[in-house]
Amino acid sequence: MADTRPFLPVSSSDGSIPSEPLANRRKPMKVQLSIFFGLLTVGLLAALLTSNNGSDFVTDNEHGPLVSSTTATTKPETLQAVSRGPAAGVSEKSNRLFADENTVAFPWNNSMLSWQRTAFHFQPERNWMNGPLFYKGWYHFFYQYNPHAPVWGDIVWGHAVSKDLIHWLHLPLAMVADHTYDKSGVWTGSATFLPDGKIVMLYTGSNADAVQVQNLAYPADHSDPLLINWVKYSGNPVLVPPPGILSKDFRDPTTAWLTSEGKWRFSIGSKINKTGVALVYDTKDFINYEKLDGLLRAVDGTGMWECVDFFPVSKTEENGLDTSVNNPDVKHVMKVSLDDDRHDYYAVGTYNEKNVTFIPDDPEIDVGIGLRYDYGVYYAAKTFYDQNKNRRVLWGWIGESDSEAADLQKGWASVQSIPRTVLLDKKTGTHLLQWPVEEIDSLRLNSYEFNQVTIQAGSVVPLEVGPATQLDIMAEFEIDKEALEKATGSNVTFSCSSSGGAIERGALGPFGLLVLADDSLSERTPVYFYIAKGSDGNLKTFFCNDQSRSSVAPDVKKQIYGSMVPVLKGENLSLRVLVDHSIIESFAQGGRTVITSRTYPTKAIYGAAKLFLFNNATEAGVSASLKIWQMNSAFIRPYPNLDNKSQ
């Protein structure tokens, strides 16, 4: 049975000394970031080394509950939830946590809100956001964007370019809602490269009657590497909902792939009653289309499928594949975004071109009921084949977990994840491996190494790395083997989401990192492993992220995320964590399981943000080895001089 007693005292210097003597280590460089979006520019604040408690952790000096020093100057506002999206026929875009609650808005100040803005994740200059491609030396990102407010609505296509997927330059809007067939919104689309190197873009428009239709667009000038101007086909819409499909259940065309007959084939998400389905179309010219009989895939009870993606992965090579590749050496991946729960699910299986069907290798983990790209805040993901580096790259939308009132106050909402490479995990055969693109390493600054740090059961170890707001953390953990053998098995089923989080103690966990924590640990976000031993003696490892104490603010959604992660014989437990202000992206076991979370601390910000190791197991000791980098900003900004755009 789990023990929920508090943590034991914070460890002293024993086990916390890095591999290099403290006196010889370089101090973290203080960098003043001049950020173009006009938010308050601040320096890194020095943290006060206090030992106040008020959390479930016990420190060396306890002074009773910690009382927030923040005082509201006006009468607190009661939050009123507003639904955005479903009336237009798309998934809910607002945070509905407060719909049936009398939640009082936290008195956020400008310093807190400015800190939440990320430094190296892509986001627009302001307001709300949601088919990447590589063309003539530039990576292009077209994204759903509201130019008028930091809420969903008035959707057009924003456009940005980059040489390395990290340092982005904003360009003028690519497409706006200026025709009857997309008057209510320019929604998700996908680009396809033709054999002559030209590009066509199919996208969903919501017409004047809120009917979802598919439209064709293409660059006005294919010689322009920035693809600034786009032309909408005069014969739009090219597709309307077919018989049996409702007007608001027909959206998000995939990138097209070539069949053996030389036709282009693509899929569109929909539903029939409560069955999620992927419709299939063939075309020779992207003007005339044939709807094929049958469905690429259908799964009962999964509801509307949004943002369908379909692509091959190699069974033998360590590189990505063009979307049209189909041979005995590949598996196919089908991914859907579920309108009902706003999560992205995938399955690995076999594509039969002749029968136009996708069959998962394991029906128990079919599309929409099995594995997920990410077990946190991550939705509407899309991959593209990067012919520049022979890799498949995945991007997903990271929504907000605070209130709409806070978003309006700070003036922006939503961020894109760090682009991830995607490969088939050849060891499991069931999972994908997601990993941040190698270009993110270019932002690394000072590094700190900690070797074989001992973390006794029930202890917390501080890691002296300077301000912990922008970090890249690589860590390996080794649990005491004797404790593994002696631990008593149990029939109790463990789940990250239904557990008590990092304070729920078991013989073999939890243990891991406390990210974005203040000195008193009254705010902290644990990223951790939990090992459960069954009555049969078999071990199952879970990877979790606990937001329940990430902020003292009441108007923030705080969940416990996670899932089981396969750990194979001979593997140590490993994780990588990217911390970028209010975003934490965590990758376990080389990317077999991934969790993205949004955190909104009120105290663990700027120089007061700290990093700790912890082990809240009741029996097992753990050792950890880490390498940690401070991270620079990507300095995302507008394109400097469009008159010289070809240079």
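Select strand S3, residues 138-146: nine of its nine residues are buried, so the rest of the structure largely encloses this strand. Buried means under 20% relative accessible area with a 1.4 Å probe, protein chains only. Strands are DSSP runs of E, at least two residues, numbered from the N terminus. This is a predicted model, in which local features need pLDDT of at least 70 and side-chain atom pairs pLDDT 80 or more, while totals for chains, interfaces and linings use all residues. Residues are numbered from 1 along each chain as its sequence is written, and side-chain values use heavy atoms, without hydrogens and water.

Now colour the two faces of S3. Trp138, His140, Phe142, Gln144 and Asn146 lie buried on one side. Tyr139, Phe141, Tyr143 and Tyr145 are buried on the other.

S2 runs antiparallel to S3, joined by three bridges; pairing takes at least two DSSP bridges. Phe134 has Tyr139 as its bridge partner. Two residues separate the strands of this hairpin, and Lys136 in the turn has a positive phi of about 50 degrees.

Next, show strand S4, residues 156-162. Seven bridges pair S4 with S3, again antiparallel. Find Tyr143 opposite Gly158.

Move to the second largest pocket, with about 690 Å³ of space. A pocket is an open set of points on a 1 Å grid over the protein atoms alone, where a 1.4 Å probe fits, with protein on both sides within 12 Å along at least five of seven lines; lining residues have an atom within 4 Å of a point. Of its 30 lining residues, Ser490, Val492, Tyr530, Ala532 and Lys533 are closest to the centre. Select strand S30 (525-533), which gives the most to this lining, four residues.

Notes
Points joined across faces, edges and corners; volume = space filled by probe spheres on them. Buried < 20%, exposed > 50% of the residue type's maximum accessible area, 1.4 Å probe, protein only.
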